[in-house]
Amino acid sequence: MTNAHVASRHRIPSDDLAELIKEFVLGDVVAWHHLADGLMNVNWRLDTPAGPFALKRVTDVPLDRLRRNLAVLPALVEAGIPVIVPVVASSGGVVVEVGESGYCLFPWAQGAHVRGVDLPHAQVRRLGAVLAKLHLALGHAVETGVLSAVPDSLTADVITPERASEKTDRLTAAARANGTGDAFDAAALEALAKRRELLAEYAALRPEGDVPAGPYGWTHGDFQYRNLLWADGELTAVLDWDRLGVRPYAEEVVRTAQVQFGVEGVFDLERVAAFVSGYRSVVPLEPTALLDGARRLWWKRMTDFWQLEFHYDRGDHSCDDLFIADEALLHWWTERLDEVERTFGGAL
């Protein structure tokens, strides 16, 4: 994605803005600016006579699913979860379609995005408790009919080493064909070569079976610092409900811990332990489920190359930095697999 494409993506088309002002009855928009924290969708702050708002253009989630997801937010507010309910447009919906784009608008939420490793341990533990309360609240939303019932069974695909190796071969060819020979291409080719070695060495440790351990239900799907706001030591908002879906609870606990506390190529294991302890103080998730979730996420990271697929297949370079960081963490994690899993299991 070129700089010109990036700049264009960050602008609100004037015709779209005019229609949104009408639909959301905003009056004059005094000023607006792009918010750089989001990775997938595009977000802006709008300053209006009625106050500031956050405008979101959704590009990677079907709009019917987005409407379903946003419909659960009022129930979460009633349950005490800090979420921001979207503004209802004059047409009666919370998602406005303009041309080929879907937009939703939220009152501006105060607070700042804080990396997990920058949170004091007490806040880390409280964050784990909030995630557990969120899972309980989503379960209650099923009971009240706001969300559909969860399926009777749940499976998770375990990528074989052979499939992962095929993907490394394809992406290696793509890097050589579509790359420009810059530093990222060199790093990607080196990482792919090392990944082949890891796959060969650790294939026997991949998860067994396609049925995850432990309970499952509706989950946020991307509960991490880019979607959390803090102010005065308190969590003020859980944002971005695009990926609401049914998953093992342990999967979300482990993934959140990885994104929050797997920073600069290492896990902050003390914070991981505090986060898991906070969660289990509300929902007593069994250590066996957490161990299974940790092993499955490790293998998923071992066999996943989504940032490289964005880069070479889509020409989207917005997640390049994530690939470099995640690759370093994967190697650190693999070398200390037992220690990391003991932490998730509560034996730090």
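1. A friendly place to start is Ala149, which is exposed, with a relative accessible area of 61%. That value puts Ala149 in the exposed class because the class takes in residues over 50%. To find Ala149, look in the loop between helix H5 (121–143) and helix H6 (161–178). Ala149 and Val246 are 97 residues apart in sequence, yet their C-alpha atoms are 9.6 Å apart in space. Please keep in mind throughout that this is a predicted model.

2. Now step back to the whole chain. The C-alpha atoms fill a box of roughly 60 × 50 × 40 Å along the principal axes. The radius of gyration is 21 Å, which agrees with the value near 20 Å that a compact globule of 348 residues would have.

3. How much of the chain is buried? Of its 348 residues, 49% count as buried. The chain exposes about 16,200 Å², and carbon and sulfur atoms supply 52% of that area.

4. Contacts across the sequence deserve a look too. Taking contacts between residues at least 6 apart in sequence, 74% join residues at least 24 apart.

5. On charges, the chain carries 34 positive and 50 negative ones. The mean positions of these two sets are 1 Å apart.

6. Next come the aromatic rings. A search of the whole structure finds nine aromatic pairs. One of them is formed by Tyr202 and Trp298, an edge-to-face pair with 6.3 Å centre to centre and 85° between the planes. Why does this pair tie together parts that are 96 residues apart in sequence? Tyr202 belongs to helix H7 (residues 183–202) and Trp298 to helix H10 (residues 287–303), so the pair links those parts. Are Tyr202 and Trp298 buried or exposed? Both are buried.

7. There is also an aromatic cluster to find in the viewer. Its members are Phe267, Trp332, Trp333 and Phe344.

8. Finally, have a look at helix H11 (residues 306–313). Gln307, Leu308, Phe310, His311 and Tyr312 are buried in this helix. What do the buried residues of H11 pack against? Their partners are H6, H7 and helix H12 (320–335). After H11 comes Gly315, which has a positive phi, near 70°.

Terms used:
Residues numbered from 1 in each chain as written. Predicted model: local features only at pLDDT ≥ 70, side-chain atom pairs only at ≥ 80, totals over all residues. Heavy atoms only, no water. Rg over C-alpha atoms; globule rule 2.2 N^0.38 Å. Buried < 20%, exposed > 50% of the residue type's maximum accessible area, 1.4 Å probe, protein only. Contact = heavy atoms within 4.5 Å. Areas by Shrake-Rupley, 256 points an atom, 1.4 Å probe, with all protein chains shown as cover. Lys, Arg positive; Asp, Glu negative; His and termini not counted. Charge placed at Lys NZ, Arg CZ, Asp CG, Glu CD. Helix = DSSP H or I, 4+ residues; strand = E, 2+ residues; numbered from the N terminus. Phe/Tyr/Trp six-rings, centres within 6.5 Å; stacked < 30°, edge-to-face > 60°.
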